[in-house]
Amino acid sequence: MPINNRIAHFHDEMTAWRRDLHENPELGFEEKRTSDIVAAKLAEWGISVHRGLAGTGVVGSLKIGNSDRAIGIRADMDALPMTEANGFAHRSKVDGKMHACGHDGHTTILLGAAKYLAETKNFDGTVHFIFQPAEEGGGGGRVMVEEGLFDKFPVDAVYGLHNDTTLAVGEVSVVAGPVQAASDVFRIHLTGKGGHAAKPHFCVDPVLVGSHIVVALQSIAARRVNPLDSAVISTTQFHAGTASNIIPHTGWLDGTVRTLTPEVRDEVQRLLTQIAETTAAAFGAEARVEYKRSYPVTSNHAAESDRAAEAAARVLGADKVIRERVPSMGGEDFAFMLEARPGCYIKLGQAGADKGGIPVHHPSYDFNDDILPLGASIWSALVEQELPRG
């Protein structure tokens, strides 16, 4: 694979950056150390640095030549609130925090591209290197956009990248249209009538009510949504009670909803609320639903997808660029940037023969350092392609 030779030369350096970030994970909007490192490296390479968007966000701007064209490239920086199960030397040093989604690798890839482009200056225009906090549920992408990201740093298009543990090293997925689902969360508050567990006939049991609601919610995807559409309703928490001989008075359920179209999103929200309220009422209990829309559908623009695919093909070969693929039902807040500007979100394979295949959000996950120069080479090829000299 024709990795950029200059980038390949500092592969070991990039690996050291990545492993340092992995050892020192920070949660969303808390990425102080990470953003300090990013800002220092960008400044060292002569790139203009802006800090403060979404609190810990960093934007590095590099203008070469006289062209008015500009593109943005985004990486996420935050870790997850989970304990790492790995035993290698660069495992997390922070209890209960772990880079289990590869954001340490995404940040390193973008830093590698920034270093190369600052050294070679083989383009004409402006590149904005966007280092975003709080992708993991915090909506840092939304906050950056709302705080004026593209007003302060105008771009013709914006691009993002995520590692993919289901694709082999050297493969990349670049698909126009929806690639990630809308991500919503719900909480259902249950109020029954508490009492002695030996006298259930005097009570209204929220545990029983909640159990029926959990089962009934599955009828939405199974029987109420067109089978050709997509919907996921997952109840992931059920909290009630304090002792084995007490029927609790209250309880609550938490969960998430994933959809791919606005119409299905609206319908699932309506049905979830209706089913929870009426099921509870049938048992003499009350259900109050809180429903929060988190991330919209991540939908790639056609023209920018073609351009990203062309750049990836220059690095990996056209036969390694996948152009048709079913969307993931995972959420991604790069969606907010794609709503604000045209662009593309690509998936870079990291599954090797003996590493890189453990799923993200797993306690034994680790980013595959073999793909660091691949990702940086793709970003560099994209910049040189989109902002050509002469």
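Student: Which strand gives the most to the lining of the largest pocket?

Tutor: Strand 5 does, contributing 5 residues to that lining. Strands here are DSSP E runs of at least two residues and helices are H or I runs of at least four, both numbered from the N terminus. A pocket is an open set of points on a 1 Å grid over the protein atoms alone, reached by a 1.4 Å probe, with protein on both sides within 12 Å along at least five of seven lines; lining residues have an atom within 4 Å of a point.

Student: What should I keep in mind about the model itself?

Tutor: It is a predicted model, in which local features need pLDDT of at least 70 and side-chain atom pairs count only at pLDDT 80 or more, while totals for chains, interfaces and linings use all residues. Residues are numbered from 1 along each chain as its sequence is written, and side-chain values use heavy atoms, leaving out hydrogens and water.

Student: How much space lies in the largest pocket, and which residues lie nearest its centre?

Tutor: The space amounts to about 910 Å³, a volume being what probe spheres set on the points fill. Of the 46 lining residues, Glu-135, Gln-180, Gly-330, Gly-331 and Glu-332 lie nearest the centre.

Student: Turning to the sheets, in what order do the 8 strands run?

Tutor: The order is 1-2-4-3-5-16-6-15, in an open sheet of mixed pairing. Two strands pair if DSSP finds at least two bridges between them. Strand 1 (48-51) and strand 15 (321-322) are the edge strands, each pairing on one side only.

Student: Is strand 4 enclosed or exposed?

Tutor: Strand 4 is largely enclosed by the rest of the structure, because 8 of its 8 residues are buried; buried means under 20% relative accessible area, with a 1.4 Å probe and protein chains only. Gly-125, Val-127, Phe-129 and Phe-131 point one way from strand 4, while Thr-126, His-128, Ile-130 and Gln-132 point the other way.

Student: How many bridges join strand 4 to strand 2 and to strand 3?

Tutor: Strand 2 pairs with strand 4 in the antiparallel sense over 7 bridges, and Val-59 stands opposite Ile-130. Strand 3 pairs with strand 4 in the parallel sense, also over 7 bridges; there Phe-131 is the bridge partner of Ala-75.

Student: What lies across this sheet?

Tutor: Helix 3 (residues 32-44) lies across strand 1, strand 2 (58-64) and strand 4 (125-132), at about 160° to strand 1. Helix 11 (residues 372-386) lies across strand 3 (70-76), strand 4, strand 5 and strand 16, at about 150° to strand 5. Axes are lines fitted to C-alpha atoms, for helices over the stretch in contact, and angles between N-to-C directions run from 0 to 180 degrees.

Student: Which strands form the sheet of 4?

Tutor: That open sheet has the order 10-12-8-13 with antiparallel pairing. Its edge strands are strand 10 (231-240) and strand 13, and the twist averages 20° from one strand to the next. Strand 10 and strand 12 are joined by 9 bridges, and Ile-233 has Val-257 as its bridge partner in strand 12. Helix 8 (residues 262-282) packs on the sheet, touching strand 8, strand 10, strand 12 and strand 13.

Student: With which residues is Asp-254 in contact?

Tutor: Asp-254 lies in strand 12 and is buried, at 12% relative accessibility. Leaving aside neighbours within four places in sequence, its contacts (heavy atoms within 4.5 Å) are Phe-186, Arg-187, Ser-234, Thr-235, Thr-236 and Gln-237. In helix 8, Thr-279 is buried at 15% relative accessible area and touches His-212, Ile-213 and Ala-216, again not counting residues up to four places away.

Student: Where are the residues with a positive phi that are not glycine?

Tutor: Ala-54 has a phi of about 55° and sits in the loop between strand 1 and strand 2. Ala-134 also has a phi of about 55°, in the loop between strand 4 and helix 5 (140-146). Most residues other than glycine have a negative phi. Ala-54 is buried at 4% relative accessibility, and Ala-134 is buried with a relative accessible area of 1%.

Conventions. Buried < 20%, exposed > 50% of the residue type's maximum accessible area, 1.4 Å probe, protein only.
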